Amino acid sequence: DKHISVLYFKFAIFSGILGILLSIYLRFSEVIAFNNFLKCTNYAFYEIVFCGCTVILAFFFCMSVLLGGFGIRYVPVLLGRSRTYFPKINYISYILLILSFSMFILSLGFAIFSQNDLVINLSYLKVYIVDFLIWSLYLFGMSYFLLSINLILTIGKGLKRIIPPLFVQTMMVTSILMLCFIPLLIGIVTKTLLVSQLNFMNFN
């Protein structure tokens, strides 16, 4: 568990640096008007970078530090256990998170290059933006669904021994909220997939 928590921390640092760089780019694009590369004359391009920065910092950075880093490393220790309830699930969750982040970066890159004509016209990449984004959200939901279940089972097993500290109670509440949020996310993504691929609409 210590090894996988270190991997989560490294991933969180990398995603955090990437999100901060995107945020710095947005700030410089607002104050530097003489540089054509930094100036966001295309509002769609600006919105794509802004949304990508927000998703990276909120989902891939904060949740990786909270659940994957501190949760896996300190919850079993505070409960007097050597590891989580299902240690192998942590590795599966980490692999799914890496795949999700890779697909999100591909989707973000396709969106940026399809809106910005710095080199050549790459508007044909718009076809792959939604597909990669949908699969990224699917894998993200599966990753944290497994991780939340693992933490809940670990905490539930430890409740029979000692009264859990405040940090463990906080991780329990966070994991339960993640289990409530992820099915909603999957439902929205599935509806978007049906609309984009099968032309499925609820209303005429």
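This is a predicted model: local features need pLDDT of at least 70, side-chain atom pairs count only at pLDDT 80 or more; totals for chains, interfaces and linings use all residues.
Local features are described where pLDDT is at least 70, side-chain atom pairs count only at pLDDT 80 or more, and totals for chains, interfaces and linings use all residues. Residues are numbered from 1 along each chain as its sequence is written, and side-chain values use heavy atoms, with hydrogens and water left out.

**View 1**
A search of the whole structure finds 14 aromatic pairs; rings of Phe, Tyr and Trp (its six-membered ring) pair if their centres lie within 6.5 Å, and planes under 30 degrees apart count as stacked, over 60 as edge-to-face and the rest as tilted. Helices here are DSSP runs (H or I, at least four residues), numbered from the N terminus. Tyrosine 8 is buried at 0% relative accessibility, and tyrosine 94 is buried too, at 15%. (Buried means under 20% relative accessible area, exposed over 50%, partly exposed in between, using a 1.4 Å probe and protein chains only.)

**View 2. Phenylalanine 70 stacks with tyrosine 74.**
The ring centres of phenylalanine 70 and tyrosine 74 are 6.0 Å apart, with 20 degrees between the planes. Because the two residues are four apart in helix α2 (residues 43-78), about one helical turn separates them. Phenylalanine 70 is partly exposed at 32%, and tyrosine 74 is partly exposed at 37%.

**View 3. Ring pairs build a cluster.**
Look for Phe11, Phe14, Phe59, Phe60, Phe101, Phe104, Phe140, Tyr144 and Phe181, which ring pairs link together.

**View 4. The largest nonpolar core has 39 residues.**
Such a core is a set of buried Ala, Val, Leu, Ile, Met, Phe, Trp, Tyr and Cys residues joined through side-chain atoms within 4.5 Å. Tyr8, Ile56, Phe60, Leu67, Leu97 and Tyr144 have the most contacts inside it. The elements giving two or more residues to this core are α1, α2, α3, α4 (126-158) and α5 (166-198).

**View 5. Leucine 66 lies in helix α2.**
Leucine 66 is partly exposed, at 31% relative accessibility. Leaving aside neighbours within four places in sequence, leucine 66 is in contact (heavy atoms within 4.5 Å) with Gly71, Met171 and Thr174. With neighbours within four places again set aside, the contacts of leucine 67 include Tyr144, Leu147 and Met178.
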